[in-house]
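Subject: Structure for you to look at

Hello,

Here is the structure I said I would pass on. Please open it next to this message; my notes follow below.

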Amino acid sequence: MVLTDTHTHQYYETDPVKKVELMQRCLDNGISRLFLPNVDSSSIPQVMEMVSAYPQHCFPMLGLHPCDVKANWEQELDAIYTALQQAKVYAIGEIGIDLYWDKTFITEQQEAFRTQINWAKDAQLPINIHCRNAFDEVYAVLEQAFDDKLRGVFHCFSGTLEQANKIIDLGFKLGIGGVVTYKNAGLDKVVEQISLEHIVLETDSPYLTPVPFRGKPNESSYLIHVARKVADLHQTSLENVAQITTENSKIIFGV
């Protein structure tokens with residue numbers, strides 16, 4: 001069984017012993033494919049260090065996280081674009097719009113999002129979308145950019161069935177993580193109505209820890225609990241969920 005975590009910041013762990021233990025727990029649970037998004041230029045070396053240590057298991061994505069779009073956003077984009085020319089990556093991300101914490105730079109977030117979508121198209125890469133309290137804003141950008149080159153993952157999807165279908169209609173996969181295990185989130189009711197062909201799995205480690213570890217730091221090995229929940233919702237086997245969602249990830253990322 002091969003499970004794929006399509007979105008994890010496991011590289012945040014800096015203790016070398018703990019990093020090895022984290023990865024070993026992943027492999028013990030069948031999670032042997034991890035896709036790592038940076039968040040800004042300073043986090044690129046951390047991503048690349050983990051990719052170098054585990055080249056068969058870890059795959060980099062590079063982009064500017066919307067929460068890191070600040071006054072110096074253009075310089076940050078320049079630095080990330082330079083890094084993209086120097087390394088093989090499998091997606092541009094995570095990119096998007098976040099209006100939860102701060103709306104000060106909404107115009108800049110939108111512009112950075114558009115710019116990075118164009119990078120992805122030029123490089124024939126998928127995008128990994130971050131969207132928080134900004135579905136309409138993100139969808140407007142995607143709708144405007146829609147063509148046969150636009151593809152990727154809508155990371156940490158937690159919206160309605162109507163929103164899910166709008167994203168699926170644009171050709172994106174829905175990134176399903178720990179929120180699907182939360183009793184009152186309502187995502188379980190949505191996921192059970194969505195075909196597995198439209199879903200990939202993720203943790204967003206160290207955030208959004210699934211039940212039964214909610215309240216503790218997340219890690220990629222906990223993806224097994226997300227997969228089991230999805231299997232229960234679709235009344236199928238864990239192995240079937242692993243096979244389909246991993247195949248979906250291969251289609252998106254090309255690896």
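In H9, the buried residues are Leu238, Val241, Ala242, Thr245, Thr246, Asn248, Ser249, Ile252 and Phe253. Buried means under 20% relative accessible area, exposed means over 50%, and partly exposed is in between (1.4 Å probe, protein chains only). These residues sit on the same side of H9, because they cover an arc of only 155° around its axis; the arc is that of the directions from the helix axis to the C-beta atoms.

H9 itself covers residues 238-253, which is 16 residues, and reaches 22 Å from its first C-alpha to its last, close to the 22 Å expected at 1.5 Å a residue. That expected span is 1.5 Å times one less than the number of residues. After H9 comes Gly254, whose phi is positive, near 75°.

Please note that this is a predicted model: local features need pLDDT of at least 70, side-chain atom pairs count only at pLDDT 80 or more, and totals for chains, interfaces and linings use all residues. Residues are numbered from 1 along each chain as its sequence is written, and side-chain values use heavy atoms, with hydrogens and water left out.

The chain has nine helices and eight strands. Helices (H or I, at least four residues) and strands (E, at least two) are DSSP runs, numbered from the N terminus. Of the 255 residues in the chain, 55% are buried.

Next, the salt bridges. Side chains of opposite charge can pair when their charged atoms come close. The rule used here asks for a side-chain nitrogen of Lys or Arg within 4 Å of a carboxyl oxygen of Asp or Glu, and the count comes to five.

- Glu49 and Lys19 meet at 3.9 Å, N to O. Glu49 is in helix H2 (residues 44-53) and Lys19 in helix H1 (residues 16-28), 30 residues apart. Lys19 is buried, at 18% relative accessible area.
- Glu219 and Arg25 meet at 2.7 Å, N to O. Glu219 lies in the loop between strand E8 (199-201) and helix H8 (223-233) and Arg25 in helix H1, so the pair ties together parts 194 residues apart in sequence. Glu219 is buried at 8% relative accessibility, whereas Arg25 is partly exposed at 36%.
- Asp188 and Lys189 have their closest N and O atoms 3.5 Å apart. Asp188 is buried at 10%, and Lys189 is partly exposed at 48%.

Regards
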